[in-house]
Every structure is written in C-alpha cells, then in structure tokens.
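This report describes selected local features of a predicted model. The sequence and structure are shown below.

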Amino acid sequence: MNETMGQIIRRLRKERNLTQEELAEQLNITYQAVSRWESGTGLPDISQILPLSNVFGVTTDVLFGKDGTNGEETVESFIRETEKKICNPPEGVDSFAWRKECTEDVQKMLEVDPNNYKLLAYSLGHISCLLDEYRYSDKMKDKTEEIQKWENESIRQANIILNHCTNSRYLNEANKWMAVLYKDMGNYVKMLEYAEKITVFDPYAEGGDLQAEALNLLGRKDEGRRERAKNIYNALDYLHDQLFMIGKSWRTEGKFEEAYACHRLFPDIYDLIVGERKDEMPFCSPHYDYEHCAIICMNMKRHEEAMDWLEKMVKHERIKAKNFNVITETKIPYLYGKTMHFSANSYDKKDTLLPSFAYDVFDSIRENERFKAILADAEAFEQGN
C-alpha cells in the first residue's frame with residue numbers, strides 16, 4: 001500500500017529524530033500544522049514543499065511518494081557522461097575553461113535535484129578541482145571573489161549532506177572535501193576537525209591520511225606519524241577481512257584451490273611485513289587463517305601441508321599469548337607507535353586452539369604421529385605449559 005504524504009512526512013521526521021515541534025520550528029510554522037499533515041486532515045501548502053525537502057534532505061519527488069529510481073538512474077547517467085566529457089576536452093580548449101564548464105554543468109543539474117546526496121558529493125569534488133585551477137592559474141588577475149564564491153558554495157553543499165544525510169559514504173565524502181577545502185584555506189584546525197569525522201579507513205575517503213597531514217601541518221609530527229601507523233594497521237585489517245571473505249565464498253562452492261589462494265595470502269603477507277620480529281609486533285593475525293588453510297588442505301587430500309598449517313597456528317598463538325599480557329610498542333619504523341594495552345587476565349587460553357582440532361575433516365589423520373604431537377602441543381598450551 002502506497003504511503004500518503006502525511007505518512008511520508010511522519011516517517012521522515014522520525015527517521016531524523018525530530019519532534020513535531022522541532023520540525024515546525026525549522027519551517028517557521030505551528031506544530032499543529034505538522035500534526036494535521038501527519039494525521040491526514042491537511043496537506044502542506046505548495047510553498048512548504050521545497051523547505052520540507054531541504055529539512056529532510058530528500059528530493060521533492062520523495063514527498064510525493066515517488067521512489068526516485070528513475071531520478072537515480074538519471075544522476076548515474078549524468079555522472080558517467082560528465083566524466084567522459086571532462087576526460088575528453090575538445091582540441092585547443094583551455095583546461096581551466098573546460099573544468100569550469102563541467103563544474104557549472106553539475107551545478108545546473110543540482111538546480112533540478114538540489115538534495116541528491118550522490119550528486120552533491122560529486123559536485124564537491126568538482127568544486128575542489130576548480131578551486132585548484134583558480135588558485136594556481138595565472139590567467140586571472142583578480143580571482144579572490146570567484147574563489148570565495150566557490151568556497152562558500154562548497155560549504156553550503158557539504159552542510160546539506162552533513163546536516164541531513166545518514167549514508168556514511170556521502171558523509172565521509174563531505175567531511176573529506178571540507179578537510180581539503182580548509183587545508184587549501186590554511187585553516188589547519190578546521191581541516192583536522194573535519195578529517196577526524198571521517199570513518200577510519202573508509203574506502204571512499206582518506207580520513208586517516210588527511211588527519212595525519214593536518215597534525216603534521218599543525219606541528220604535531222609525532223601524532224601524525226602515529227596516525228599514519230594506524231592507517232597501515234587499518235589497511236591490514238581491511239585486507240585481511242576481504243581476503244578471508246573471498247576465500248570463504250570460494251570454499252562454500254567447493255572450489256578449494258581458489259579458497260586456498262585467498263586464505264594463505266594474508267599469513268604470507270604478515271610474515272613478509274614482520275619477518276623475525278614478531279615479538280615486537282602487536283598486530284596479531286587471527287589463527288583462523290591457519291585453521292582454514294589446514295581444513296582446505298585436508299579437503300584437497302594434502303595432509304602434510306595441512307599439518308604444516310596446524311603447526312603454524314599453535315606457534316602463532318604462543319607468540320600472541322606472550323604479547324597479549326605485555327604492554328608493547330613496536331619499534332618497527334613503518335608501524336611506529338602502535339601499542340596494545342591488555343590486563344594480565346585479558347587473555348584466556350582455554351578453548352583457543354583445541355576446537356580447531358575437533359573438526360571431522362581431521363579424522364583421517366588422527367592416528368598420525370605428527371598430528372598427535374601437534375595436538376599435544378596445543379593441549380599443553382591451553383594448560384599453561
């Protein structure tokens with residue numbers, strides 16, 4: 001059943017945690033008017049439609065119950081065509097003029113769909129590039145007024161996203177472009193303020209990088225180095241998670257060679273990065289990588305290789321347990337400043353390894369002397385030996 005306009009207004013209001021009084025205040029009307037809209041005993045005046053869409057951060061189509069699918073397709077098509085246009089300037093056309101024309105095309109599209117978050121985020125990128133052209137171009141004698149105009153427009157568009165949008169991708173984009181804007185304006189305090197709001201290691205926004213750069217520009221170099229070290233950790237975490245999920249997907253389809261290639265890659269990368277300095281390295285790859293590699297090898301009838309991985313799993317867990325109960329700070333330069341803080345009782349050895357040996361897939365090698373030795377080592381570890 002389609003929603004009425006009143007039901008749509010009520011839903012959008014609640015999604016944004018607004019009371020009827022708060023919505024009425026933003027629209028400069030009485031809360032009784034909002035109540036009438038939501039109860040279906042009245043409708044907004046046509047002059048209230050655009051202000052309503054601005055408050056909610058949606059297109060006017062949404063208020064009229066349109067799903068916006070066609071609108072989104074139009075925006076996607078527009079962005080694709082604009083990207084083609086900007087990458088293929090006509091011969092002899094000045095790059096600055098071409099950038100300005102493409103940016104103005106985006107602004108005209110925003111006049112049609114002023115609250116489309118995707119389009120707003122796309123526009124912020126264009127304005128940032130145009131501002132670079134203005135700042136470094138020697139073709140304009142007096143460009144201060146134009147720069148200020150576009151800076152103000154960038155702030156206005158970013159605030160539409162930041163004040164109304166709930167999609168983390170577009171929020172990150174807005175915060176990113178605000179950080180870049182304030183960097184170019186020389187306001188490094190504001191740059192840091194926006195950079196700190198970006199989701200850590202979001203693939204759509206360079207939050208940690210901008211934060212580290214802002215700290216460096218503010219003279220807080222040690223904090224900046226620590227932030228960049230954190231970026232490496234976040235990148236490793238992200239890489240590990242993606243490889244693990246791809247491998248798991250292959251394994252569920254019974255494609256074990258493909259799964260094995262994914263699951264074994266991260267332990268190899270970890271060993272390459274850390275080398276023989278595992279005691280100095282607080283980052284601990286989950287032993288599930290080793291477990292899954294062993295299981296996959298069993299499925300491929302590669303029993304000795306499976307036991308290699310089980311041995312690595314037990315060895316790694318011993319190193320992890322040793323580091324868990326110590327406050328460490330790595331001295332590896334590219335991982336500078338990363339610390340682990342664990343209390344002495346925060347690591348529980350019980351059931352850390354033995355469940356991995358209980359899988360049926362290992363039944364065919366349970367009487368193997370090497371397997372028995374590895375299992376005995378795991379049991380000794382859990383008993384504190």
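## Lys301 and its loop

Lys301 lies in the loop that joins helix H15 (288-299) to helix H16 (303-324). With a relative accessibility of 66%, above the 50% cut-off, Lys301 is classed as exposed.

## Asn175 in helix H10

Helix H10 (residues 168-184) contains Asn175. The relative accessibility of Asn175 is 5%, so this residue counts as buried.

When neighbours within four places in sequence are left aside, the contacts of Asn175 are with Leu162, Tyr194, Lys197 and Ile198.

## Packing of helices H13 and H14

Helix H13 (residues 221-252) and helix H14 (residues 256-274) have axes that come within 6 Å and cross at roughly 160°. Because angles over 145 degrees count as roughly antiparallel, H13 and H14 are therefore roughly antiparallel to each other. Their crossing, that of H13 and H14, is left-handed.

On the H13 side, the contact is formed by Leu236, Leu239, His240, Leu243, Phe244, Ile246, Gly247, Lys248, Trp250 and Arg251. H14 contributes Phe256, Glu258, Ala259, Cys262, His263, Leu265, Phe266, Ile269 and Ile273. Sorted by class, the contact of H13 with H14 comprises 13 nonpolar, 3 polar and 3 charged residues.

How values were computed. Residues are numbered from 1 along each chain as its sequence is written. This is a predicted model: local features need pLDDT of at least 70, side-chain atom pairs count only at pLDDT 80 or more; totals for chains, interfaces and linings use all residues. Side-chain values use heavy atoms; hydrogens and water are left out. Axes are lines fitted to C-alpha atoms, for helices over the stretch in contact, and angles run from 0 to 180 degrees between N-to-C directions. Helices (H or I, at least four residues) and strands (E, at least two) are DSSP runs, numbered from the N terminus. Angles under 35 degrees count as roughly parallel, over 145 as roughly antiparallel, 65 to 115 as roughly perpendicular and the rest as oblique. A crossing is left-handed if the near helix is turned anticlockwise from the far one by less than a right angle, and right-handed if clockwise. Contact means heavy atoms within 4.5 Å. Ala, Val, Leu, Ile, Met, Phe, Trp, Tyr, Cys and Pro count as nonpolar, Asp, Glu, Lys and Arg as charged, and the others, Gly among them, as polar. Buried means under 20% relative accessible area, exposed over 50%, partly exposed in between (1.4 Å probe, protein chains only).
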